[in-house]
Amino acid sequence: MATLLVLFNLAEDADPTEYEQWAREVDVPTVEGLRSVDRMRVFKVGSMLGSDQAPPFRYFEVIEVNDLERLGEEVTSEVMQPIAAKFQGEFAESPIFLIADELA
């Protein structure tokens, strides 16, 4: 099983309250409804341990993927296209998508 990590900050004109509600009510339930996904969680970063500096990313997603090939197909589906477009077009500024395998 692979894990997809999505690191991002909100776009300048994005409302954090609106994004967080949309993530809970639309994004997570839709992504978790995909056959290729076992679980999705969204986190808001408050601070960096041992530092007064602002964290480089304020949000991240952890998506547990059971089939990467199928995920690629499902992301381009009619169900996911509006979700992906809203995420990347309205809310997230230059998100970074990382694919990781659990090591330990």
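Biologist: What does phenylalanine 8 touch, not counting residues up to four places away in sequence?
Modeller: Phenylalanine 8 touches Tyr19, Phe57, Arg58, Tyr59, Phe60, Glu61, Phe87, Ala92 and Pro95, with those sequence neighbours left out. Contact means heavy atoms within 4.5 Å. This is a predicted model: local features need pLDDT of at least 70, side-chain atom pairs count only at pLDDT 80 or more, and totals for chains, interfaces and linings use all residues. Residues are numbered from 1 along each chain as its sequence is written, and side-chain values use heavy atoms, with hydrogens and water left out.

Biologist: And the largest nonpolar core, how many residues has it?
Modeller: It has 23 residues. Phe8, Leu10, Tyr19, Val31, Ile63 and Phe87 have the most contacts inside it. Such a core is a set of buried Ala, Val, Leu, Ile, Met, Phe, Trp, Tyr and Cys residues joined through side-chain atoms within 4.5 Å. Buried is under 20% relative accessible area, exposed is over 50%, and partly exposed is in between (1.4 Å probe, protein chains only).

Biologist: Which elements give two or more residues to this core?
Modeller: Strand 1 (2-10), helix 1 (16-32), strand 2 (37-44), strand 3 (59-65) and helix 3 (80-91). Helix 1 gives the most, with five residues. Helices (H or I, at least four residues) and strands (E, at least two) are DSSP runs, numbered from the N terminus.

Biologist: How many bridges join strand 1 to strand 3?
Modeller: Seven, and the two strands run antiparallel. Leucine 7 stands opposite phenylalanine 60, and leucine 5 stands opposite valine 62.

Biologist: Now helix 3. Which of its residues are buried?
Modeller: Met80, Ile83, Phe87 and Phe91. Seen down the axis of helix 3, they fall within an arc of 80°, so they line one face. The arc is that of the directions from the helix axis to the C-beta atoms.

Biologist: What covers the buried residues of helix 3?
Modeller: The cover includes strand 1, helix 1, strand 3, helix 2 (68-75) and strand 4.

Definitions and conventions:
Pairing = 2+ DSSP bridges.
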